[in-house]
Amino acid sequence: LVIMVQQEVGERLLAPPGSRTRGLLTVLVEAACDARMVGRVARTCFLPRPQVDSTLLALTPRRPGLVPPDLDQTFRLLVKAAFGARRKTLSNALSQSPALDLPKEDAIALLSQCDIDPGRRAEELSAREFVRLAAAVCDRWDRPGLGEWDVRSLVGHTSRSLLTVETYLADPADGVPDAVATFLGAFGCPVLPMRYESAELCKIS
């Protein structure tokens with residue numbers, strides 16, 4: 001796949017670990033594709049002329065990708081939490097993310113377990129390091145593919161066959177993850193996703 005993007009966007013997508021321009025999208029692209037620059041397109045090639053130059057990028061999907069399917073949601077959650085507080089150290093960024101529910105001492109222990117200095121920052125990590133960390137987090141939750149989703153509410157109605165579920169996400173509009181739906185479906189419980197602000201945070205046990 002060859003795409004053309006603004007030069008600044010191209011530089012961000014190709015930014016190596018340690019670069020200040022590296023971001024969440026950089027890591028997600030790195031995990032899924034081998035990305036390289038194949039050319040530049042000057043602003044003078046367009047009419048009307050834009051204010052920026054462009055870059056041609058070749059994206060070759062990794063087969064398989066760096067992230068195993070059962071770690072994908074956890075991986076994305078970690079990357080989002082880390083870059084959501086990119087000026088903070090990883091131990092602080094991860095422990096202060098409400099979606100992860102990680103005490104600081106646990107965050108430090110998990111990072112150390114993965115040979116990642118807790119004092120590093122998000123832009124210093126490679127996609128492979130985030131994958132290692134995702135695997136360690138899933139081991140801590142002891143429920144790969146499901147543990148990354150804290151369920152904010154499991155609200156019983158008149159019948160055991162109907163449950164209202166809201167996943168503990170920054171954006172609840174993402175809906176109920178397949179892993180949660182599958183888990184509840186095993187008990188004959190169809191899932192109806194909806195917002196339920198007053199529910200207490202709980203976890204499936």
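Me: Which residue of strand S3 is the bridge partner of Arg-40?

Reply: In this predicted model, Arg-40 has Thr-55 as its bridge partner in S3.

Me: What makes S2 and strand S3 a pair, and in which sense do they run?

Reply: Two strands pair if at least two bridges are found between them. S2 and S3 (residues 54-61) have eight bridges, in the antiparallel sense, and therefore they count as paired.

Me: Which residues is Thr-55 in contact with, leaving aside neighbours within four places in sequence?

Reply: The contacts of Thr-55 include Ile-3, Met-4 and Val-5, and also Met-37, Gly-39 and Arg-40.

Me: Why are strand S1 and strand S2 called edge strands?

Reply: Three strands form an open sheet in the order S1-S3-S2, with antiparallel pairing. Strand S1 (2-6) and strand S2 (33-41) are its edge strands, as each pairs on one side only. Neighbouring strands of this sheet are turned by 30° against each other on average, direction ignored.

Me: Which helix lies across S2 and S3?

Reply: Helix H2 (residues 24-32) lies across both strands and runs at about 115° to S2.

Me: What is the secondary structure of the protein as a whole?

Reply: The protein has seven helices and six strands. Along the sequence, their pattern reads β-α-α-β-β-α-α-α-α-β-β-α-β.

Me: How many aromatic pairs does a search of the whole structure find?

Reply: The search finds one aromatic pair. Phe-83 and Phe-130 form this pair, with 6.3 Å centre to centre and 35° between the planes.

Me: Which parts of the chain does the pair link?

Reply: The pair links distant parts of the chain: Phe-83 is in helix H3 (residues 72-84) and Phe-130 is in helix H6 (residues 127-141), 47 residues apart.

Me: How do you know whether Phe-83 and Phe-130 are buried or exposed?

Reply: Buried means under 20% relative accessible area. Phe-83, with 11%, is therefore buried, and so is Phe-130, with 0%.

Me: Which residues does Phe-130 touch, not counting those up to four places away in sequence?

Reply: Phe-130 touches Val-27, Phe-75, Leu-78, Val-79, Ala-82, Phe-83, Ala-122 and Leu-125.

Me: Which residues have the most contacts inside the largest nonpolar core?

Reply: Phe-75, Leu-94 and Phe-130 have the most contacts inside this core, which has 32 residues. Helices H2, H3, H4 (90-95), H5 (104-113) and H6 each supply at least two of its residues. H6 gives the most, with eight residues. Apart from this core lies another, of six residues, among them Val-29, Cys-33, Leu-57 and Leu-59.

Me: What percentage of the residues in the protein is buried?

Reply: Buried residues make up 42% of the 205 residues. The protein exposes about 11300 Å², of which carbon and sulfur atoms supply 54%.

Conventions
Residues are numbered from 1 along each chain as its sequence is written. This is a predicted model: local features need pLDDT of at least 70, side-chain atom pairs count only at pLDDT 80 or more; totals for chains, interfaces and linings use all residues. Side-chain values use heavy atoms; hydrogens and water are left out. Rings of Phe, Tyr and Trp (its six-membered ring) pair if their centres lie within 6.5 Å; planes under 30 degrees apart count as stacked, over 60 as edge-to-face and the rest as tilted. Helices (H or I, at least four residues) and strands (E, at least two) are DSSP runs, numbered from the N terminus. Buried means under 20% relative accessible area, exposed over 50%, partly exposed in between (1.4 Å probe, protein chains only). Accessible areas come from the Shrake-Rupley method with a 1.4 Å probe; for residues, only the protein chains shown count as cover. Axes are lines fitted to C-alpha atoms, for helices over the stretch in contact, and angles run from 0 to 180 degrees between N-to-C directions. Contact means heavy atoms within 4.5 Å. A nonpolar core is a set of buried Ala, Val, Leu, Ile, Met, Phe, Trp, Tyr and Cys residues joined through side-chain atoms within 4.5 Å.
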